[in-house]
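Please work through the following exercises with the structure in view. Each task is followed by a solution in steps.

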Amino acid sequence: MLITEDLLIGYGRKNTEYAPLLPPINLHIAQGTICGLIGANGTGKTTLLRTIAGYLKPLGGIIKLGDKQLNNLIPSERAKNISVVLTDRIEDPFLKVRDVVVMGRHPYTGFLGKLRQADEPIIDESIHQTGISHLQHKRMAEISDGERQKVMIAKALAQDTPLILLDEPAAYLDYPSRMELMKLLQKLSRKHGKTILISSHDLEILVRKADYLWLLGSGRAAVEGMPEHLILNGSVSSYFGSESLFFESLTGQASFSDQADAVYVSADKYSALWIRNALVRKGFRLSDHSTSLIHVEYQNNTYVIKNEQHTVHQTDSLSGMLDALSGIIH
Amino acid sequence: MKITASLTSLFTLLILVLAGLFFLNLVSGSVLIPVREVIPVLFGSEYGISDAHYAIIREFRLNQALTALVSGAGLAVAGLLMQTIFRNPLADPSILGISSGASLGVALLMMFTGTTSGQFFLQNGFWGSLGISAAASAGAFAVLLIILLVSRHIGNMISILIIGLMISYIGGALTGLIKYYSQKDDIYAFVLWGMGSFSNVDSQTILYLMLIILLALVAAFLLVKPLNLLLLGERYAFALGSHVRRNQWFALLIGGLLTAVITAFAGPIAFIGLAVPHMARNLFRSSDHRILMPATIITGASLALFCNWLARLPGFDGSLPINAITSLIGAPMVIWIIVSRRRFYSENS
């Protein structure tokens, strides 16, 4: 679990104090989940990410990963806890894909960087997980942007850190590559328990695929929550002001099922959309018949779960509703 | 890195070429001395060898070949260090202004001790060459010191690159001013120094030169891992636990030291530092510094020996200026390498 406590970020020098970019930041990410860091340009996304990565010193407050305080770690220890995927291009003409993944093991190698026997299987596994086995002997200059991003993720996997930070990973990618990238990250968080923080201004894809969002607005206190929760309570439109842009694109995305465990959502059209989005991501099946056994009703910011007409759970929290629902169904 | 058969055979081949060129330098020159005489002389045997031949080899050719060997190796490694830490394929040892500092030192010495100021005693002979080495060292180390101090405060490599270039211009301008007020003879002596030569080092000094360069090369070897990480860029290197600033500073120190020492004794030798790392990369098709470090050492030593041999080919009057030869060979080589790799550079720029 990553936690920031009263974290102040910004650019400061030894002798001069600069005002922090944002009010004290108190956010967290649960272990094994994907968190999107979003906000308009200039709100401090990159600064926050770089502060967590250790490139910038916090102006105040602390960052904790589990019980470790990240901002106090020596470089070699930090490299065993945080890995990064950046937009930086690798310009070397001879470096091969596998060479780059191998570099991920360097926090664990000795003085001259000689690999131990135990390192090879980890490198192979990282290459396999990211689906780049067929590329491993190609030069970095010969592969596409989407492939390059996967190579850098493979490097981060080889680094074997609980936390992976990605800075604008979709910057050079087309839509299918972005979806593929998010699917890969989802697998890494679910299967391998990686905690993943992605900074991006690509709201649409994060709303669909991130488990959690950190929302930054310039000069305002940062907020956090499940994407649909932040949309339904109006945070996204107040911080970002553009959710209507992809409202349309989401209509009709959900496919419905007639099976017994399918959930019927009863709410106004706009809210129902987002609740369905959350249900689909969590692996629930949706029903479009009100005859379905399980109903989720949403009214006045309250979720009511009904099983065969009987109210079985009532909550005002989206994640609380989802937890209760999975208790009922699974 | 796996030690493959092709890697081993390529290194073996390079070492054989190096050994061949070393002997060629001892054998050939204004007088041809057969190999069967050269080998015993190397082991100190005078038996059956004319005094003249013995003296030529022991007093001149051996020193010269060894100077070329260690200078070539040292400059090539300095060039490799600069290209990696500045992430610039055109970086070379002179980029920090160290050679221009050395030139300024020598220009000052020639002006104040030469015919311009009415003094003649430092132009020639032992004291002359020692004085020139001392002046070149003073200039080179003064610039190196400035660069190292500045780089402790400015971490940004691009800024250091620009500062180095500006120091070069300032040094060049001051040297120009001094030349403007100097006498013809002094200017001629200065131009000769600027052409570079591997023949100014005596049997005593070569031992010190070899020792210093050997130590610097060993130190450079210790940087192979951080240099490899830098291939991914400073930020990835940092995230992989490297002390990026500290390692860049050490690389500057080692590269600068090599350049300063070699320039002090051999003059400003052009293009070896620029061309050899590219040759090594192309030859081994690799950017791994564990391969490149020995590869640049051997290739650099070989290229310097080859140029020295070419400069002293019989038929030329005396010997040609070494700097002209290294440039004439190095420059087309760099063009060829860059053109043949154009695809990679243009794709990534």
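The model is predicted: local features need pLDDT of at least 70, side-chain atom pairs count only at pLDDT 80 or more, and totals for chains, interfaces and linings use all residues. Residues are numbered from 1 along each chain as its sequence is written, chains are lettered from A and ligands numbered from 1 in the order in which they are written, and side-chain values use heavy atoms, with hydrogens and water left out.

**Exercise 1.** Determine the strand order of the six-stranded open sheet of chain A and identify its edge strands.

Step 1. Helices (H or I, at least four residues) and strands (E, at least two) are DSSP runs, numbered from the N terminus. Two strands pair if DSSP finds at least two bridges between them.

Step 2. The order is E6-E7-E8-E3-E9-E10 in chain A, and the pairing is mixed. Strand E6 (82-85) and strand E10 (223-225) of chain A are the edges, each pairing on one side only.

Step 3. Within this order, strand E3 (34-39) and strand E9 (212-216) of chain A run parallel, joined by five bridges. A:Gly36 has A:Leu213 in E9(A) as its bridge partner.

**Exercise 2.** Which residues of helix H2 of chain B are buried?

Step 1. Buried means under 20% relative accessible area, exposed over 50%, partly exposed in between (1.4 Å probe, protein chains only).

Step 2. In H2(B), residues 35-42, the buried residues are B:Glu37, B:Val38 and B:Val41. Seen down the axis of H2(B), they fall within an arc of 100° (taken from the directions from the axis to the C-beta atoms), so they line one face of the helix.

Step 3. These buried residues pack against helix H1 (5-27) and helix H3 (51-85) of chain B. B:Gly44, with a positive phi near 85°, follows H2(B).

**Exercise 3.** Describe the interface of chain A and chain B.

Step 1. Chain A contributes 39 residues to the contact and chain B 29 residues.

Step 2. The two chains bury about 3100 Å² between them, 58% of it on carbon and sulfur atoms. Buried area is the accessible area (1.4 Å probe) that two parts lose on being put together, summed over both.

Step 3. One salt bridge is counted between chain A and chain B, a salt bridge being a side-chain nitrogen of Lys or Arg within 4 Å of a carboxyl oxygen of Asp or Glu. A:Asp88 forms a salt bridge with B:Arg235, with the closest N and O atoms 2.4 Å apart.

Note on methods. Contact = heavy atoms within 4.5 Å.
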